[in-house]
Amino acid sequence: MSDGYDDPTAHADHGHYDDPTPHDDHPIHEAHDSHAITADYGRGTETLIDTDGDGYANEVDIDADGDGDVDAVYTHTVGGGHDLDTLAVDTDGDHRVDLVEFDRNHDSKVDEIDLDRNRDGRVDAIVSDDNFDGRPDHVELDQNFNGRPDTEYADTNYNGTFDTAHYSEDAVNPLADHPDANPYAKN
C-alpha cells in the first residue's frame with residue numbers, strides 16, 4: 001500500500017491508476033485520436049472516451065453540475081475485460097482528486113478506497129478489502145497528516161473484526177476518540 005503521494009497528478013507510486021485528476025481542459029481529449037461521445041443531461045454531462053477504438057469506454061468523465069469542470073472520472077485500469085474499475089472524484093471542487101475508489105477484481109464492488117481527508121494532495125487514509133468479502137480487512141491512517149501512516153488496523157483472520165492495531169506515539173485512535181463515527185463499519 002502507498003503511504004501517500006506528493007504530486008496529486010503523478011500517481012505512479014500507487015500503481016492502480018495513471019492520471020484521474022480532473023482538469024478544466026482534460027488532456028485525454030487532445031492526446032489521443034479517440035472516439036468521445038458526450039451526453040448532455042441539461043444540468044450536467046457525461047463523456048465516454050474510447051481511446052483504443054475497440055468500442056468500449058476506457059474512461060468516462062462526469063460533469064455532474066454542468067459547470068464545465070470534470071467532477072469524477074471512471075477508468076478501466078486493472079485486469080482484463082472492459083469494466084470500469086476506478087473512480088476518481090474531486091469532492092470539494094478544487095480540481096484535485098481527494099477520493100479514489102477501486103474495484104480490483106471486477107466484481108462491481110469497491111474493494112479499496114484512498115482518501116485525502118485534509119485535501120493537501122497526499123493520501124492519508126487507505127481502506128482495503130483484501131479478500132473481497134465486502135468488509136474492510138486493512139486500514140492505514142495518517143492521523144497527523146505528515147505523509148506517513150501512523151495508525152493501522154488489520155483483520156488478519158477475515159472475520160469482520162479488526163484484531164490488530166498499531167499506533168505511533170503521536171497518533172490518535174479515531175475509533176476510541178469517536179466511537180460513534182466509525183467510517184469503516186460495515187452497513
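**Around Y153**

Biologist: Let's start with Y167: why is this residue called partly exposed?

Modeller: In this predicted model, Y167 has 39% relative accessibility. Buried means under 20% and exposed means over 50%, so Y167 lands in between and counts as partly exposed.

Biologist: And how many aromatic pairs do you get?

Modeller: The count comes to 2 aromatic pairs. In one of them, the rings of Y153 and F162 have their centres 5.6 Å apart, which is within the 6.5 Å cut-off, so they pair.

Biologist: What makes the pair of Y153 and F162 tilted?

Modeller: Their planes sit at 40°. Stacked needs under 30 degrees and edge-to-face over 60, so this pair is tilted.

Biologist: What about Y153 and Y167: why is that pair called edge-to-face?

Modeller: There the planes are at 85°, and that is over 60, so edge-to-face is the label. The centres are 6.0 Å apart. Y153 lies in strand β10 and Y167 in strand β11, so the pair ties together parts 14 residues apart in sequence. Y153, F162 and Y167 form one aromatic cluster.

Biologist: How do you know whether Y153 is buried or exposed?

Modeller: Y153 has 3% relative accessibility; that is under 20%, so Y153 counts as buried. F162, at 26%, falls between the cut-offs of 20% and 50%, so F162 counts as partly exposed.

Biologist: And R148, what makes that one exposed?

Modeller: R148 comes out at 52% relative accessibility, which is over 50%, so R148 counts as exposed. You'll find R148 in the loop between β9 and β10.

How values were computed:
Residues numbered from 1 in each chain as written. Predicted model: local features only at pLDDT ≥ 70, side-chain atom pairs only at ≥ 80, totals over all residues. Heavy atoms only, no water. Helix = DSSP H or I, 4+ residues; strand = E, 2+ residues; numbered from the N terminus. Buried < 20%, exposed > 50% of the residue type's maximum accessible area, 1.4 Å probe, protein only.
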